[in-house]
Amino acid sequence: MLSPYFPPQARVGALRPLKFVRHLPDYDWASVVLCDLWPGAATDPDLLAGVPDSTIVVRDYSRRAGPAFAAFERAHRTPEPAPAPRVRGPSTRGSRRLIPKLPALLDNPELIPLGEHGPRIPYALRAARRALERFPCDAILVNADPFATCLVGARLKRETGLPLIVDLRDPWALCELRRPMRPLPIRALVDRLERDVVRAADRVLLNTETTLADYRAHYPELPPERFACIRNHADAELIGHGSHPGFDRFTLLFLGNFGRFIKADVLVRVLAELQRRGVRETELQLVVTGNFPEAAWRMAQGMGVAAMIHLHPHVPYRQIGAVMAASDLLVLLIQPRGRQRLASKLFDYLVSERPVLAISESAELRGLLDRSEAGHTYGYAEITAIADRIQAEMAAGRGRTVPRRAVGATSAEAAAALAAHLDAIVGPR
């Protein structure tokens, strides 16, 4: 498994491979993971406890990986009393520039298609060869992104002849959000790189049925079974640790961060509508466990609802089950044009018992929530309807539970699907 992002890294890209390696042994597959780490990376020591003993972890994806992990181990060898968690203030990321008049285009990460992982491809390829010499494997699995790792996997497949699965997850060349940001020469380069990868792969896994249809249509010359969908998934045991003291009022919970494609503005407008109806901050709060954008914070102050927004101390991933159980309504946002994506936190929400409120234009998300009977989905323009739903939930009382119908959202089911693909392309072992 080529997976630069892997525990103790705390970023979301490290969670899907972790969940896979926890459950693949149940289907007679064990993993050798080649991963990365670097100074300054966000880490969560508790995630290492979730890696099963059957997994061999080789921390050599880049030259920095070994020294960075050694420093991490030294820092956590002698536990010290943890400082009191610090509540995050509004994020100022991207709000200041050294040269304010630089064109906005210079802030576009799509101008560097492979990002900072591109120059590390030669070393990663040599490290993968070394890992295969030490631990002969039956197949290669790439966990993307970073998409540079796909190129390492494709080259390794051509050299070794081993079957290759590329777990692309979110779309790369065909991303409806990122593709328009790429100038034509960059777009052509990304198209060529992706085409080389999908031609080399025995399977390409996507995160949604919508993206699966897009890829099959874009590559009509390839057999449709080359592409398959394994959605993100949740491991209830992994996130079932820790405790939470509870909240003192009806709480809307937004787990994680806002970012480039996930904006907080719609939630601010909903709070303003609820305040207009007479709902006060003593009755209702929006709790955010990650960063809250500075622009949205200024908007909330201007609309007089900043007191209804509470920035919660960071919650380690393995403890999010407790904070979900302490809340009353789980809030999910998918970018208005995010037809191809389903947020990873959706699947954690689906193994909770709390009702879900999703704001999205995705028909696939709406169908998934409807089938699970976990909650309701609204469009970004439906401010009044969203406020109506929140008031209905408040009237139903705090701590309401909503039994879920099974929709294949567990990590055990996802690992079974991945193992079936591995069995099909590898054959008898």
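## Ground rules

Contact here means heavy atoms within 4.5 Å of each other. The model is a predicted one: local features need pLDDT of at least 70, side-chain atom pairs count only at pLDDT 80 or more, and totals for chains, interfaces and linings use all residues. Residues are numbered from 1 along each chain as its sequence is written, and side-chain values use heavy atoms, with hydrogens and water left out.

## Serine 411 and its neighbours

Let's start with one residue. Leaving aside residues up to four places away in sequence, serine 411 touches Lys19, His23, His233, Ala234 and Asp235. Its relative accessibility is 1%, so serine 411 counts as buried (under 20% relative accessible area; exposed is over 50% and partly exposed lies in between, with a 1.4 Å probe and protein chains only). Serine 411 belongs to helix H14, residues 411-426. Helices (H or I, at least four residues) and strands (E, at least two) are DSSP runs, numbered from the N terminus.

S1 runs parallel to strand S2 (residues 56-59), and four bridges join them; two strands pair if DSSP finds at least two bridges between them. Leucine 34 has valine 58 of S2 as its bridge partner.

## The four-strand sheet

Next comes an open sheet with parallel pairing and the order S4-S5-S6-S7. Strand S4 (140-143) and strand S7 (227-229) form the edges; each has a single partner strand, so one side of each lacks a neighbour in the sheet. From one strand to the next, the twist averages 20°. Axes are lines fitted to C-alpha atoms, for helices over the stretch in contact, and angles run from 0 to 180 degrees between N-to-C directions.

Within this sheet, strand S5 (residues 164-169) pairs in the parallel sense with strand S6 (residues 203-206) over four bridges, and isoleucine 165 has arginine 203 of S6 as its bridge partner. Helix H7 (residues 209-218) packs on the sheet, touching S5, S6 and S7, and its direction makes about 170° with that of S7.

## The six-strand sheet

Another open sheet, again with parallel pairing, has six strands in the order S11-S9-S8-S12-S13-S14. At its edges stand strand S11 (309-311) and strand S14 (375-378), each with a single partner strand.

Strand S8 (residues 250-254) and strand S9 (residues 284-288) run parallel, joined by five bridges, with threonine 251 opposite glutamine 285 in S9. Helix H12 (residues 363-372) lies across strand S12 (329-333), strand S13 (356-359) and S14, at about 160° to S14.
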